[in-house]
Amino acid sequence: MIRNTTLPLLPALHECGTLKLRKDEVLVTAGGFEDRALAASQSVVAGRSNRALVLKYENGDSRNKLGEVLHTLREKGLGVEANDIVCYDRYDPDAFPGGFERRLVELEAKKVVVDISAMSKLAILLCLDVCREMNLDVRVFYAEAERYRPTEKEYQRAKQANNLQRPTIQVYTGVHRVIRASRLSSVAMQGQPTAAIVFMSFNELFTQALLNTVYPSRLFLINGRPPNLGWREEATAWIHEQLRREWGEEDNPVEMRPEASVPLPKRTVSTLEYRETLEVLSLLYWELAIDHRILLAPTGSKMQTVGCFFAKSIHPDIHIEYPAPKGFLELYSEEVEQKWIVSFGKLGGMIGELRRTERKSHIGIPRHS
């Protein structure tokens, strides 16, 4: 149920079989290695006024499909020149926003569609934040995978192994380090106790790496609920169960459900419906912000990351850090399933309205202050 007063102002996702670009709209996509990295370029319908920008991952995976993305876009009539390829270093992301913004200015962009399907989570946040600052008319395109790894059988095998420590079901080769981008940082409330908000995943090592870096006094875990693969909600809860118990149940309440074999966190949001993420983050913010520094780690799904962007934009004092993976194993998604689009209009204006509405509802600040 949507209880926060800002959430009704946010648009819903809509199914998107064909990605038809509007006049003068710029497509922003990324050359990742998943099959869905090609979803936008394969389904796009473009005109002469349209352009595309493509993120190239520095220190990227050798399986990255940058060449295929560029070839497909050009086949669709989208001119992509050398300076339309914007480098993104996931270990040192601070140089990216400036280069991205400069190219948007050179293209005189007013409307963009950001394809997050194969984007790094920090890249999603940075792309959207640049668009917010420029007050561009923004749509977000997202393609779900048809098959996600690990599979349910792989989860059951790990569970039956009954190791003393709950294992991460490896999707990544390890954690490189915890990354912060200056654009997403905050110095607010330094010296106060830190409350870390972390999204559960199949890699509990991400959470451990963050805790070993920032040493929070409180930890709030958010689990994910996929639209279809319900067993994954139990799997991520099982992987994090030992860690959750170490921090006590007061901040991370659980419940037993008939369909589950382990306690499930009550704080659970959809992996697709980004507004649920914003609702939970907003409630936690107003509970914690008076006497805690709030640190947010967007370690969940890509659409949950969109929810994190809105939370950070509405509340600039939220500080974001992200445990960056070293690399990726074969246990990743395959093929393309449903495609979605959400239209935000002028993003800077929308964020301003959301901020004013939420502050008015919580602390009575006049709407036009």
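1. L295 stands opposite H319 in β16. Strand β15 (residues 293-297) and β16 run parallel and are joined by 2 bridges. Two strands count as paired if DSSP finds at least two bridges between them. Helices (H or I, at least four residues) and strands (E, at least two) are DSSP runs, numbered from the N terminus.

2. On provenance: this is a predicted model, with local features requiring pLDDT of at least 70 and side-chain atom pairs counting only at pLDDT 80 or more, while totals for chains, interfaces and linings use all residues. Residues are numbered from 1 along each chain as its sequence is written, and side-chain values use heavy atoms, with hydrogens and water left out.

3. The parallel sheet. 5 strands form an open sheet in the order β14-β11-β10-β15-β16, with parallel pairing. Its edge strands are β14 (268-270) and β16 (319-320), each of which pairs on one side only. Helix α9 (residues 274-288) packs on this sheet and touches β10 (194-199), β11 (218-225), β14 and β15. Contact here means heavy atoms within 4.5 Å. The direction of α9 makes about 165° with that of β11. Axes are lines fitted to C-alpha atoms, for helices over the stretch in contact, and angles run from 0 to 180 degrees between N-to-C directions.

4. The mixed sheet. 7 strands form an open sheet in the order β1-β18-β8-β7-β3-β5-β6, and the pairing is mixed. β1 and β6 are at the edges with a single partner strand each, so one side of each has no neighbour in the sheet. Helix α2 (residues 66-75) packs on the sheet and touches β3, β5 and β6. The direction of α2 makes about 175° with that of β5.

5. Strand β3 (residues 25-30) runs parallel to β5, joined by 5 bridges. A30 stands opposite L55 in β5. Strand β8 (residues 137-143) pairs with β18 in the antiparallel sense over 7 bridges; F141 faces I341 in β18 as its opposite residue. Strand β1 (residues 14-15) also pairs with strand β18 (residues 339-346) in the antiparallel sense, over 2 bridges. There, E15 has W340 as its bridge partner.

6. Helices α3 and α4. Helix α3 (residues 96-106) packs against helix α4 (residues 121-134) at about 50°, with the axes 10 Å apart. The two are therefore oblique to each other. For such labels, under 35 degrees is roughly parallel, over 145 roughly antiparallel, 65 to 115 roughly perpendicular, and the rest oblique. The contact uses F96, P97, F100, E101, L104 and V105 of α3 and L126, C127, V130, E133 and M134 of α4. By class, that is 9 nonpolar, no polar and 2 charged residues. Ala, Val, Leu, Ile, Met, Phe, Trp, Tyr, Cys and Pro count as nonpolar, Asp, Glu, Lys and Arg as charged, and the others, Gly among them, as polar.

7. Helices α4 and α11. The axes of α4 and helix α11 (residues 347-363) come within 6 Å and cross at roughly 90°. That makes α4 roughly perpendicular to α11. L128, C131 and R132 of α4 meet L347, G348 and I351 of α11. This contact has 4 nonpolar, 1 polar and 1 charged residues.

8. Aromatics. The whole structure holds 10 aromatic pairs. Rings of Phe, Tyr and Trp (its six-membered ring) pair if their centres lie within 6.5 Å; planes under 30 degrees apart are stacked, over 60 edge-to-face, the rest tilted. Y57 and Y88 have ring centres 6.0 Å apart and planes at 80°, so the pair is edge-to-face. Y57 lies in strand β5 (residues 51-58) and Y88 in strand β6 (residues 85-89), 31 residues apart.
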